[in-house]
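Subject: A structure for you to look at

Hello,

Please open the structure below and keep it in view while you read. My notes follow it.

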Amino acid sequence: MTAARPSLFDWARGLARPVFYLGNNRLSQLGVGLTTASAITLITFYTTEFFGVRIGPYVGIIVFLIFPAVFVFGLFLIPAGIGRKFRREKLAGRLPPEYPRINLADPQLRETILFVMVMSGVNLALFLTATYRGLHYMDSVQFCGLTCHRVMQPEYTAYQNSPHARVACVECHIGPGAPWFVRSKLSGAYQVLSVNLNLYSRPIPTPIEDLRPSRETCEQCHWPLKFHGDKLVVRSHFADDEANTKTYTVLSMHTGGLDPLTREPRGNHGVHLQPGSRIDYLAADHERQQIVYLRYRRPDGDLIEYIAADAAQPIEELRASPLREMDCMDCHNRPTHTFENPGWALDQALEAGRLDPALPFTKKQGLELLQLSFASQAEASSQLRTRLRDFYRSQYPALFNARRQAIEQAADTLVDIYSRNVFPQMNIFWGTYPNNLGHDPFPGCFRCHDGAHSTPDGSRTIPNDCSTCHALLAYEDANPDILRSLRGN
Ligand code: HEC
Ligand code: HEC
Ligand code: HEC
Ligand code: HEC
Ligand code: HEC
């Protein structure tokens, strides 16, 4: 007689027997309970969300991160319980010599097996969905910007008023590809911990040390050499006199790029971003505001070194220091978290009519009030209103009664400007975050183009003539010719 070859079915049955026997324990049962309960909750939430119910940031954490974690934990408890029972019974010598037979003729048992198989299928599908949804959720603007509301409020607020308000945080802070994804999740885990333990610094330090190079973030959307040509920049300024006298400054910015006809690099983008060239620099401070040494590789391969006139270290030491490669973020360090300065913000509000230029001294008063220090945004909100009213009530009583509405609107505008730029709870005040695009009030371009960065032999200096980067077409002029001719009168 030859023994019948065991079939796949017999093998499965052989495996199922100990699982059935050992699966009957408290831990595994708890696992089944947790998994089932969180599965039902998850399916309910996914369904309500499918029908358009919006899920807020805190509920989001529960739905997309905590329930899935409970779900997976439950799944994990099932084999853990089996393992524990196996070990215990083995130690106690209680393991049966042969596991009880599974009698497939028993309809109840057949139903149980069918149930377990169906549930495993559902669980697998749910596990994959929950993983996908959880990761997707952690990449959402809602998660990054609103979850740790207090911490991210300044960046999130400034972001909402910027040209990138529809670009997700992760597009600039993580970018595509698995390695940065994993890195961001690790640093994210640390951030969650530091927020909960109150370890984070206020303000959050800038620049971000290991921000991904712009080649892999900004340049996913922007082509560096796109030809922007010259761009007309018109700025209105309001003086601090009683009439809030308005003037214009008009610049033609030589942004440039690659000239579409000659293929020659033009303007600031052309020179700074042309292929084959690169600039590496050393900053003396963490904020990268004092640049002491730089190395410019030209497209023809020449290497030019520039040293700041006030550099304290000897050149050998500067050369041996680790340098940073200049990229988009060195000029556009505030592409989206664009904190304003009080002067610009008031000028813009006056220009837009949110502050009435007919109210005497609004610019001067606004500047003074915005720069007072308050303990919180709430205090600022009530103080700014009271003080502005007091000013007009005491100095211009007739106007105070006649123009009540304009004064109230001006007060609202001051509160609005304050609360999108100053965050006392995070130690963020005017100017905490420097903006490098320009040269006033932060050094910006003048960190290198100040006329004091020269080659070691002094023969060549980084240009700082006023026409290098822009043509100044009008400067604080009440009625500049250039605007008149553009308007055609
Ligand atoms: C267009 C690209 C871009 C987007 C979109 C973006 N950021 Fe940033 N973010 C930056 C850059 C660039 C810096 C670094 C500035 C520097 O190095 O000086 C930064 C810095 C930060 C900082 C450090 C503090 C600071 O202000 O320098 C935080 C916090 C931050 N971002 C949070 C967020 C959050 C939250 C979102 C989404 C709501 C977001 N960012 C969206 C580009 C972006
Ligand atoms: C997901 C795509 C995307 C990414 C990533 C992105 N941008 Fe943009 N950026 C845009 C779009 C779209 C606009 C145009 C917005 C508009 O005109 O309203 C824009 C506009 C700009 C502008 C012009 C702003 C203005 O005031 O008109 C600058 C400067 C800029 N981006 C720089 C950057 C920098 C620097 C980075 C990397 C830190 C970056 N962008 C990353 C899509 C992106
Ligand atoms: C050397 C500094 C510098 C570097 C580096 C730089 N930019 Fe610019 N960029 C500027 C200046 C200055 C402007 C003009 C600002 C203005 O018009 O107010 C500008 C303008 C822009 C604009 C708006 C153009 C327009 O006319 O609307 C975009 C978009 C832009 N930059 C994207 C980038 C990207 C992407 C990178 C990196 C590949 C980059 N820039 C690197 C200085 C720089
Ligand atoms: C880290 C130093 C550094 C910073 C910051 C910097 N530049 Fe430059 N820039 C250079 C160097 C180096 C050159 C090339 C000088 C040379 O030709 O040897 C250059 C060249 C230029 C040129 C071409 C000048 C010419 O006539 O050939 C323009 C325009 C320019 N930069 C604009 C800007 C603007 C605008 C900013 C600020 C938004 C800026 N740069 C910020 C280092 C810098
Ligand atoms: C290295 C490039 C560079 C050089 C050199 C330079 N500027 Fe500028 N300038 C800029 C940039 C960038 C801006 C900001 C444009 C913007 O805000 O959109 C700016 C803005 C200005 C503004 C407008 C400020 C405002 O908001 O009203 C004035 C005025 C100005 N520059 C004057 C000068 C004068 C005067 C010189 C010569 C001493 C000079 N600039 C040299 C790059 C430069």
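Here is what was found, starting with the whole chain and ending with a single residue.

This is a predicted model: local features need pLDDT of at least 70, side-chain atom pairs count only at pLDDT 80 or more, and totals for chains, interfaces and linings use all residues. Residues are numbered from 1 along each chain as its sequence is written, chains are lettered from A and ligands numbered from 1 in the order in which they are written, and side-chain values use heavy atoms, with hydrogens and water left out.

**The whole chain**

The chain has 17 helices and nine strands. Helices (H or I, at least four residues) and strands (E, at least two) are DSSP runs, numbered from the N terminus. The radius of gyration is 33 Å, whereas a compact globule of 489 residues would have one near 23 Å. That radius is taken over C-alpha atoms, and the globule rule is 2.2 Å times the number of residues to the power 0.38. Along the principal axes, the C-alpha atoms fill a box of roughly 110 × 70 × 45 Å.

Of the 489 residues, 36% are buried. Buried means under 20% relative accessible area, exposed over 50%, and partly exposed in between (1.4 Å probe, protein chains only).

**The cores**

A nonpolar core is a set of buried Ala, Val, Leu, Ile, Met, Phe, Trp, Tyr and Cys residues joined through side-chain atoms within 4.5 Å. The largest one has 26 residues. Those with the most contacts inside it include Leu370, Leu388 and Tyr392. Helices H12 (342–352), H13 (362–370), H14 (377–395) and H16 (404–421) each supply at least two residues of this core. H16 gives the most, with eight residues.

Look at tyrosine 392. Leaving aside its neighbours within four places in sequence, tyrosine 392 is in contact (heavy atoms within 4.5 Å) with eight residues listed here: Leu359, Pro360, Phe361, Thr362, Pro397, Leu399, Phe400 and Ile407.

Another core lies apart from the largest one. It has eleven residues, among them Ala39, Leu42, Phe71 and Leu126.

**Valine 271**

Now find valine 271, in helix H9 (residues 267–273). Why does valine 271 count as partly exposed? Because its relative accessibility is 41%. Beyond its neighbours within four places in sequence, valine 271 is in contact with Pro265, Arg266, Ser277 and Tyr296. Proline 299 is 28 residues away along the chain, and its C-alpha atom is 9.7 Å from that of valine 271.

Best wishes
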